[in-house]
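Here's a quick briefing to read alongside the model. Keep the viewer open while you go through it.

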Amino acid sequence: MSGVAVVTGGTRGIGAAISKALMAEGYKVAAIYHGNDEAASSFQGATGAMTFKCDVADHESCMSTIAAIEKDAGEINVLVNNAGITRDGVLHKMSPENWHTVIETNLTSCFNMCRAIVPAMRDRNYGRIINISSVNGQKGQFGQVNYAAAKAGIIGFTKALAMENAAKGITVNTICPGYIETDMTAAMKQEVLDSIIRQIPMTRMGQPDEIAAVVTFLASQKAGFITGATISANGGQYMS
Ligand code: CAA
């Protein structure tokens, strides 16, 4: 089964690796991005992926973008909800804006994209939905009440949606990456990052390709009996 795969946050970091890996499997990839036009344009030039600008936190933006993708490219068989941001800080100093922005971009986005795509998947009795959470949604993280809440929310969202759609041939799973080498972790203070790497049994960060490999497996026919699962890829940092 190939067809169209939609990857949010699909032109940079883990999302870019996922987009490339799905293209290598024969999917037409629609990579969704929000702010960085330059990165999206160079990603499109380098890979041939289609790119679509969309604010995943905005319901109407998601509905119209998905309609445009279906019109341009065809039926969507795979959705990867990968887009995510951080606004780190301790709760007693966190602004309501930094709470809401993270919840809406990281969690409400999953509702928005699934709401736009799931009805057609149900009509066709087939779909693969893969939601990217985080080790910090499983274990919590100092300075990330907003991010940890959103990423933990994704795990519950996945299980409920998996139940609702299992009889319709749609699988819904969560991947929880650990600390992966991307712009997001590069923005952290080096001493904070070093202290986290010391807590990882494999004593290294992960690579985006190591998450993309899990996505391509979950997207494949071979993964047809896996739904509602939470799969960790974190170098042993947290074993649940
Ligand atoms: N546990 C306990 N105490 C801690 C702590 C920890 N992990 N980290 C900091 N503290 C303490 C400090 O010792 C300090 O205490 P004192 O005031 O008594 O000295 C106090 O908390 C304040 O610490 P900072 O000076 O670091 O405070 P800050 O306001 O400058 O920074 C912070 C706060 C931005 C949250 C910073 O601690 C930080 O960056 N933490 C890491 C957050 C993180 O891991 N983000 C991951 C981003 S990547 C990602 O999210 C991808 C993914 O999915 C994995």
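Helix H1 (residues 13–24) and helix H9 (residues 208–219) pack at about 45°, with 8 Å between their axes. This is a predicted model, in which local features need pLDDT of at least 70 and side-chain atom pairs count only at pLDDT 80 or more, while totals for chains, interfaces and linings use all residues. Residues are numbered from 1 along each chain as its sequence is written, and side-chain values use heavy atoms, with hydrogens and water left out.

**The H1/H9 pair**

- Axes here are lines fitted to C-alpha atoms, for helices over the stretch in contact, and angles run from 0 to 180 degrees between N-to-C directions.
- H1 and H9 are therefore oblique to each other; angles under 35 degrees count as roughly parallel, over 145 as roughly antiparallel, 65 to 115 as roughly perpendicular and the rest as oblique.
- H1 passes H9 in a right-handed crossing, meaning that the near helix is turned clockwise from the far one by less than a right angle.
- On the H1 side, the contact (heavy atoms within 4.5 Å) is made by Gly13, Ile14, Ala17, Ile18, Ala21 and Leu22.
- H9 brings Pro208, Asp209, Ile211, Ala212, Val215, Thr216 and Ala219 to that contact.

**The sheet**

- An open sheet is built from 7 strands in the order E3-E2-E1-E4-E5-E6-E7, with parallel pairing.
- Strands pair if DSSP finds at least two bridges between them; helices (H or I, at least four residues) and strands (E, at least two) are DSSP runs, numbered from the N terminus.
- Strand E3 (50–53) and strand E7 (230–233) are the edge strands, each pairing on one side only.
- On average, neighbouring strands of this sheet are turned by 20° against each other, direction ignored.
- Helix H3 (residues 59–73) packs on the sheet and touches E1, E2, E3 and strand E4 (76–81), with its direction at about 155° to that of E3.
- Helix H4 (residues 96–124) lies across E1, E2, E4, strand E5 (127–132) and strand E6 (170–177), and runs at about 160° to E4.

**Strand E1**

- Strand E1 (residues 4–8) runs parallel to strand E2 (residues 28–33), joined by 5 bridges.
- Valine 6 has alanine 30 of E2 as its bridge partner, and valine 7 stands opposite alanine 31 in E2.
- 5 of the 5 residues of E1 are buried, where buried means under 20% relative accessible area, exposed over 50% and partly exposed in between (1.4 Å probe, protein chains only).
- Val4, Val6 and Thr8 point one way from E1, whereas Ala5 and Val7 point the other way.

- Asparagine 131 is in strand E5 and counts as buried because its relative accessibility is 0%.
- Asparagine 131 and isoleucine 154 are 23 residues apart in sequence, yet 7.1 Å apart in space, C-alpha to C-alpha.
- The side chain of asparagine 131 makes polar contacts with the side chains of asparagine 81 (2.9 Å) and threonine 158 (2.9 Å).
- A polar contact is a pair of N or O atoms within 3.5 Å; within protein, one must be able to donate a hydrogen and the other to accept it, and residues adjacent in sequence count only if both atoms are side-chain atoms.
- Asparagine 82 is in the loop between E4 and H4 and is buried, with a relative accessible area of 10%.
- Not counting residues up to four places away in sequence, asparagine 82 touches Thr8, Gly9, Ile14, Gly15, Ile18 and Ile132.
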